[in-house]
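Trainee: Could you walk me through a helix in this one? I'd like to talk about packing and then charges.

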Amino acid sequence: LHIIFFFLMIRRPPRSTQSRSSAASDVYKRQVHGEVKFGRAMSMRKLKVLFAINTGVLSASLKELETVVSKVLQKPFVDYTPVYNFQGPEIDKIKNKELYNVICTTDNKDVEYLLRDFKNIEWVHDLYTGCERILQSDLLRNNDKIVLTNCRDVSKIPLSEFAAGSTLYFLRNFPFFEEQKRKREWHARIPLPFLNQKHVAIFGYGSVGVEVGRVFKQAFNCRITAVKRETGSLPPYADAVARLDDIKKVVSQNDVIINCLPNTPFTQQIFSKEVFENFKKDSVFVNVGRGTTVDEDGLADALLRGQILGAGLDVTAQEPLPKESRWFDEQFRHKVLLTFHSSDEYPELLEGRGKILDENLHKFAKGEPCLLYTSDAADDLLCVDLGGRRIIKKKKMI
């Protein structure tokens with residue numbers, strides 16, 4: 001019997017195997033501890049990447065980004081095509097559009113045009129942090145087969161440092177001492193409040209929000225309230241969780257309010273004039289989210305009547321600010337700290353974006369788990385508001 005079994009085994013026809021190329025094309029995705037898995041692990045598949053830049057007239061920063069990304073894309077398993085217009089003759093000239101499976105771009109709603117022409121795209125990578133414009137694409141939001149990743153983690157450390165620095169700037173009354181220095185006057189023994197053990201509310205407790213919470217908790221022993229769309233288990237570094245619907249109550253109970261919310265239909269001017277009227281006396285407001293989330297008339301009124309001690313604004317409703325903007329007026333010189341949407345800029349920023357893309361390219365080509373950098377709470381809120389059922393399935397809402 002052993003001999004018969006042995007001969008049967010060696011004569012058994014080989015299992016039918018699917019070719020690597022077809023196996024790679026039958027990519028499936030599933031949630032694995034905050035990641036998306038692209039099929040099972042396999043040898044490198046060929047990637048056809050459409051590298052789409054916003055416009056043919058590149059700014060200096062975009063040119064630098066293009067240089068970094070182009071170097072990352074120069075791999076044996078990557079064939080990429082740079083394009084500078086999302087529709088028109090430049091796109092029409094590209095042949096074999098059905099072979100392209102990846103789009104690498106900067107946050108731009110016009111990715112919709114690319115998805116109409118390139119119908120076999122499986123993965124879209126956003127080289128920026130915010131995805132609000134790119135998620136205006138109906139084809140992207142409503143296609144469960146397309147995975148979206150971004151570079152959200154590259155900005156969390158500099159933004160958290162700006163939040164802490166601008167808070168100290170107002171609490172420790174740096175504007176007063178700057179003014180006395182300018183006047184050549186000496187004023188000693190000025191009583192100043194501590195940041196230590198202050199109550200801090202962080203709106204939008206995603207990647208940036210958690211890092212802000214860590215800094216304020218570990219460096220200043222503050223009491224942290226994480227403000228989220230939905231409450232649940234206590235997130236890292238938070239002492240309490242509050243619902244976004246309770247915004248008036250939250251701002252009335254905290255000394256420092258830090259806004260990390262994205263630009264969505266739901267968050268438009270969520271910090272309204274009425275909300276600012278409920279701010280705790282001599283509180284500090286910091287915005288590292290989006291300027292459109294703030295009613296700037298309401299903020300200006302609160303600052304002028306002394307309801308708010310000061311505001312650290314990395315972002316504003318209109319960017320760039322026109323010269324006639326109120327925030328340049330003398331009356332706000334010591335009440336508003338402006339950094340012109342630059343707090344997340346640092347020398348290693350482009351390198352960090354390149355590393356994320358490089359890591360995901362290798363994982364995607366091998367069929368390994370591809371880090372899903374859209375798991376940020378701000379992006380989850382965005383997808384909820386825009387009806388992005390694809391990402392809601394995969395993420396927890398804030």
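Mentor: The expected span is 1.5 Å times one less than the number of residues, and helices are DSSP runs (H or I, at least four residues), numbered from the N terminus. This is a predicted model, where local features need pLDDT of at least 70, side-chain atom pairs count only at pLDDT 80 or more, and totals for chains, interfaces and linings use all residues. Residues are numbered from 1 along each chain as its sequence is written, and side-chain values use heavy atoms, leaving out hydrogens and water.

Trainee: Thanks! Which residues of α7 meet α8?

Mentor: L168, Y169 and F170 in α7 meet F174, P175 and E178 in α8, contact being heavy atoms within 4.5 Å.

Trainee: Switching to charges, how far apart are the closest N and O atoms of K217 and D239?

Mentor: They are 2.7 Å apart, in a salt bridge, meaning a side-chain nitrogen of Lys or Arg within 4 Å of a carboxyl oxygen of Asp or Glu. K217 lies in helix α9 and D239 in the loop between β9 and β10, so the pair ties together parts 22 residues apart in sequence.

Trainee: And how many salt bridges are there in the structure?

Mentor: The structure holds 17. Another one pairs E330 with R333, at 2.9 Å between the closest N and O atoms. Salt bridges with shared partners join E179, R182, E330 and R333 into one network.

Key. Helix = DSSP H or I, 4+ residues; strand = E, 2+ residues; numbered from the N terminus.
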